[in-house]
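Work through the exercises below with the sequence and the model at hand. Each task is followed by a solution in steps.

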Amino acid sequence: PFAGGPRQSSGKFTESGDCCSLCPAGFGVKVECGKEDTKCGQCPKVFTQTDADFVIYLGPCLPCDRCPPSIPTANSCSATRNTQCECDSNFFLSLYSLCAPCSRCRRGQGVVRECGLEGDTVCATCGPGTFSEEHHNINPCQPCTQCSENEVEIRSCMPTSDTLCMDKKLHILSRPGVEDVTEDGKTSAAPGATDLPTQDKSGNSNILAYVSLLAAVVLGLFIYVAYKCWRSCKQKKALSKARAAELGTSPEGEKLQSDSGVFLDSYSLQDNQPSKGMIDNRLYTNLPPQRQEEVERLLQEGSGQGWRHLGAALGYEPEQLDLFGRGEAPAHTLLSNWAQKEGSTLGSLCSALGRIERPDIVTALNCPVQGASVV
């Protein structure tokens with residue numbers, strides 16, 4: 001074994017029955033344990049991206065990873081640490097060489113390693129004496145509350161909920177008509193017994209208040225849904241009239257569209273015709289932030305083919321789209337990643353939007369050349 005290296009238990013034995021040694025960090029296995037103990041050799045410490053870099057962790061020397069061209073290197077490779085690539089905040093470098101959104105722990109779990117240069121978030125179930133009530137947790141497990149001397153524990157601490165304590169002075173277990181015998185032999189009503197009718201009235205009032213509030217919330221929800229439907233229909237009618245005006249559609253043609261329920265937009269007529277104008281070679285990253293936010297909002301809403309369909313049209317694999325979908329803004333993540341690639345022009349984006357039948361986003365981008373779609 002390596003002279004001076006720490007001898008650790010490997011669970012394997014030599015033919016003579018001795019425990020096999022493990023190589024320390026920075027050393028690789030040259031000869032595996034068998035007739036004799038493990039033979040270790042030091043890994044080269046090379047920091048350039050052009051030479052053969054190696055990294056080791058209690059095993060053979062392995063080649064270092066390299067950061068993708070669009071992702072900067074945070075820490076170079078050494079004999080004891082692999083290359084670390086720097087993604088944006090709340091992102092990590094995935095196995096697909098993409099900056100993916102960080103995972104969050106479920107309820108009853110806590111973070112044991114934060115997401116960052118080392119990889120994705122690592123979660124573990126909360127142990128005895130700790131809990132986590134958050135469904136999308138980014139913190140370690142919290143210590144359980146201990147009830148004081150003036151409180152009684154009515155529910156023990158669990159991994160998904162804290163200890164529930166109650167003040168001992170609350171006489172919620174009193175019953176009407178229950179009497180206590182005093183020291184002088186006289187009887188007196190149990191504490192809180194005479195207050196129960198008042199408490200019942202108060203409870204009934206609270207129930208009525210909750211029911212009224214719930215009815216108001218439901219009514220408001222119905223009004224909001226009706227307003228959204230009315231606004232959506234109004235926008236569709238306005239868009240239909242605008243496209244009909246561009247095509248020079250006659251009133252009879254408009255009537256035919258409304259009667260048949262089939263709408264042929266202006267992009268459909270351009271399917272087999274020569275393009276009018278040049279292809280838009282402007283880069284997507286040069287768009288104003290307000291325009292990019294509008295495109296991301298339209299892709300995020302469920303009114304048609306969304307960001308997943310656009311990602312497939314742009315050449316992304318389903319596994320990569322699943323990684324984007326784990327974040328809070330997958331449309332923003334998709335377009336930000338695509339904008340870093342070569343050829344991320346408005347012309348190519350509008351062509352992909354035409355293939356997934358999203359002329360509303362094409363119109364928002366003001367592209368001179370679009371694809372075809374029939375709605």
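**Exercise 1.** Is arginine 297 buried, partly exposed or exposed?

Solution. The model is a predicted one. Step 1: take the relative accessible area of arginine 297, which is 38%. Step 2: compare with the cut-offs, under 20% for buried and over 50% for exposed. Arginine 297 is therefore partly exposed, with 38% lying in between.

**Exercise 2.** Identify the salt-bridge partner of arginine 297 and locate both residues.

Solution. Step 1: the partner is glutamate 294, and the closest N and O atoms of the two residues are 2.6 Å apart. Step 2: a salt bridge requires such a nitrogen and oxygen within 4 Å, so the pair qualifies at 2.6 Å. Step 3: both residues belong to helix H4, which covers residues 289–300. They are three residues apart, about one turn of the helix. Step 4: glutamate 294 has a relative accessible area of 30%, so this residue is partly exposed.

**Exercise 3.** Which residue forms a salt bridge with arginine 358, and is arginine 358 buried or exposed?

Solution. Step 1: arginine 358 pairs with aspartate 360, with 2.9 Å between the closest N and O atoms. Step 2: the relative accessible area of arginine 358 is 2%, so arginine 358 is buried. Step 3: aspartate 360 has 28% and is partly exposed.

**Exercise 4.** Where in the chain do the two partners of the salt bridge between aspartate 120 and arginine 326 lie?

Solution. Step 1: the N to O distance between the two side chains is 3.0 Å. Step 2: aspartate 120 is in the loop between strand E9 (109–113) and strand E10 (122–125). Step 3: arginine 326 is in the loop between helix H6 (318–325) and helix H7 (330–339). The partners are 206 residues apart, and the pair links distant parts of the chain. Step 4: aspartate 120 is buried at 16% relative accessible area, whereas arginine 326 is partly exposed at 43%. In total, the model has six salt bridges.

**Exercise 5.** Describe how H6 and H7 pack, and which residues make the contact.

Solution. Step 1: the axes of H6 and H7 are 8 Å apart, at an angle of about 130°. Step 2: this angle makes H6 oblique to H7, because only angles over 145 degrees count as roughly antiparallel and the roughly perpendicular range ends at 115. Step 3: H6 contributes Leu321, Phe324 and Gly325, which meet Pro330, Thr333, Leu334 and Asn337 of H7. Step 4: sorted by class, the contact has four nonpolar, three polar and no charged residues.

Definitions and conventions: Residues are numbered from 1 along each chain as its sequence is written. This is a predicted model: local features need pLDDT of at least 70, side-chain atom pairs count only at pLDDT 80 or more; totals for chains, interfaces and linings use all residues. Side-chain values use heavy atoms; hydrogens and water are left out. Helices (H or I, at least four residues) and strands (E, at least two) are DSSP runs, numbered from the N terminus. Buried means under 20% relative accessible area, exposed over 50%, partly exposed in between (1.4 Å probe, protein chains only). Axes are lines fitted to C-alpha atoms, for helices over the stretch in contact, and angles run from 0 to 180 degrees between N-to-C directions. Angles under 35 degrees count as roughly parallel, over 145 as roughly antiparallel, 65 to 115 as roughly perpendicular and the rest as oblique. Contact means heavy atoms within 4.5 Å. Ala, Val, Leu, Ile, Met, Phe, Trp, Tyr, Cys and Pro count as nonpolar, Asp, Glu, Lys and Arg as charged, and the others, Gly among them, as polar.
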